[in-house]
Every structure is written in structure tokens, then in C-alpha cells.
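Good morning, colleagues. Please take a moment with the sequence and the structure on the screen before I go through the strands, their packing and one loop.

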Amino acid sequence: MAIAALGALLGGCQKPLPEAGDSSLTLHTTEVEASAEGGSYTVEYTLENPVEGGKLLVTAEHDWVRNISVAEAGRITFEVAPSYEAAERSCRLDVAYTGVY
């Protein structure tokens with residue numbers, strides 16, 4: 001009986017999760033063409049109804065896309081390293097917001 005009461009007390013101290021579906025993340029651009037010389041690029045986004053503690057996470061499929069930053073609200077910036085090969089290359093960036101379930 002004491003264990004059940006302790007579980008109820010601990011359960012009552014947890015912070016409730018945000019409502020699922022309240023946040024919405026929209027990328028304004030879903031494709032970026034980079035030159036063979038590389039350079040700095042920006043993708044703008046809109047985040048509606050952000051949740052407290054929510055984070056924007058961006059990862060690149062290849063290491064020649066680097067210095068990814070979400071420091072400025074509404075903008076994902078990154079650098080593309082120069083390509084010394086004749087063949088085209090592509091890289092997917094995965095963008096997620098921890099407040100969107």
C-alpha cells in the first residue's frame with residue numbers, strides 16, 4: 001500500500017506533455033541548389049505555436065554540409081564545402097522540431 005501511494009505522489013509531480021499537434025513547422029524552401037564552389041546557404045521556416053523547451057534539430061546526411069545553425073529564429077543556415085568532382089552530389093537535411101509529435 002505504501003508503494004502505490006509513493007507512485008501516486010511521484011506521478012503528480014511530472015510536468016504534463018504539450019498537446020500533440022499544437023505546433024507546426026513549415027519550410028519555405030525544400031530544395032537548395034548549391035554551386036560547385038560551395039558557399040553559405042539559408043532555408044527559412046515558420047514555426048507556429050512553439051512549445052516551451054521545444055528545439056529545432058537539423059542534421060546533414062553528408063559531412064560536406066557543415067556549420068548548421070538554427071541560432072536565428074526562422075532561419076536554418078549551413079555551409080556547403082566545394083566539390084572537386086565532375087559528378088553532381090546531393091545531401092538530405094533532416095529537420096525536426098521536438099514540439100511536433
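This is a predicted model: local features need pLDDT of at least 70, side-chain atom pairs count only at pLDDT 80 or more; totals for chains, interfaces and linings use all residues.

Gly39 has Val80 in β5 as its bridge partner. The strands concerned, β2 and β5, are joined by 6 bridges and run antiparallel.

Turning to β1, we find 4 bridges to β2, with the two strands antiparallel. Leu25 has Leu47 in β2 as its bridge partner, and Leu27 stands opposite Tyr45 of β2.

What is the order of the strands in the sheet? The order is β1-β2-β5-β4, in an open sheet of 4 strands with antiparallel pairing. At the edges are β1, residues 24-27, and β4, residues 65-69, each of which pairs on one side only. On average, and with direction ignored, neighbouring strands of this sheet are turned by 25 degrees against each other.

Let me now consider the two faces of β5. Ile76, Phe78 and Val80 make up the covered face, whereas Arg75, Thr77 and Glu79 make up the uncovered one.

As a general matter, nonpolar side chains in soluble globular proteins tend to be buried together.

Beyond its neighbours within four places in sequence, Ile76 is in contact with a set of residues including Leu27, Tyr41, Val43, Leu56, Val58, Ile68 and Val95. Thr42, Tyr45, Ser69 and Val70 are also among the contacts of Ile76.

How many aromatic pairs does the model contain? The count comes to 1 aromatic pair. Its members are Tyr41 and Phe78, which are stacked, with 6.1 Å centre to centre and 25 degrees between the planes. Tyr41 belongs to strand β2, residues 39-48, and Phe78 to strand β5, residues 75-80, so the pair ties together parts that are 37 residues apart in sequence. Tyr41 is buried, at a relative accessible area of 16%. Phe78 is likewise buried, because its relative accessibility of 6% falls under the 20% limit.

A further ring calls for comment, that of Trp64. The charged end of Arg89 sits over this ring, 3.9 Å from its centre.

Finally, I come to the loop between β5 and β6, the latter being residues 93-97, where Glu88 lies. Is Glu88 buried or exposed? Glu88 is exposed, with a relative accessible area of 81%. In space, Glu88 and Ala36 are 8.7 Å apart, C-alpha to C-alpha, while in sequence they are 52 residues apart.

Thank you for your attention.

Technical notes:
Residues are numbered from 1 along each chain as its sequence is written. Side-chain values use heavy atoms; hydrogens and water are left out. Rings of Phe, Tyr and Trp (its six-membered ring) pair if their centres lie within 6.5 Å; planes under 30 degrees apart count as stacked, over 60 as edge-to-face and the rest as tilted. Buried means under 20% relative accessible area, exposed over 50%, partly exposed in between (1.4 Å probe, protein chains only). A charge sits over a ring if NZ of Lys or CZ of Arg is within 6 Å of the ring centre and within 35 degrees of the ring normal. Contact means heavy atoms within 4.5 Å. Two strands pair if DSSP finds at least two bridges between them. Axes are lines fitted to C-alpha atoms, for helices over the stretch in contact, and angles run from 0 to 180 degrees between N-to-C directions.
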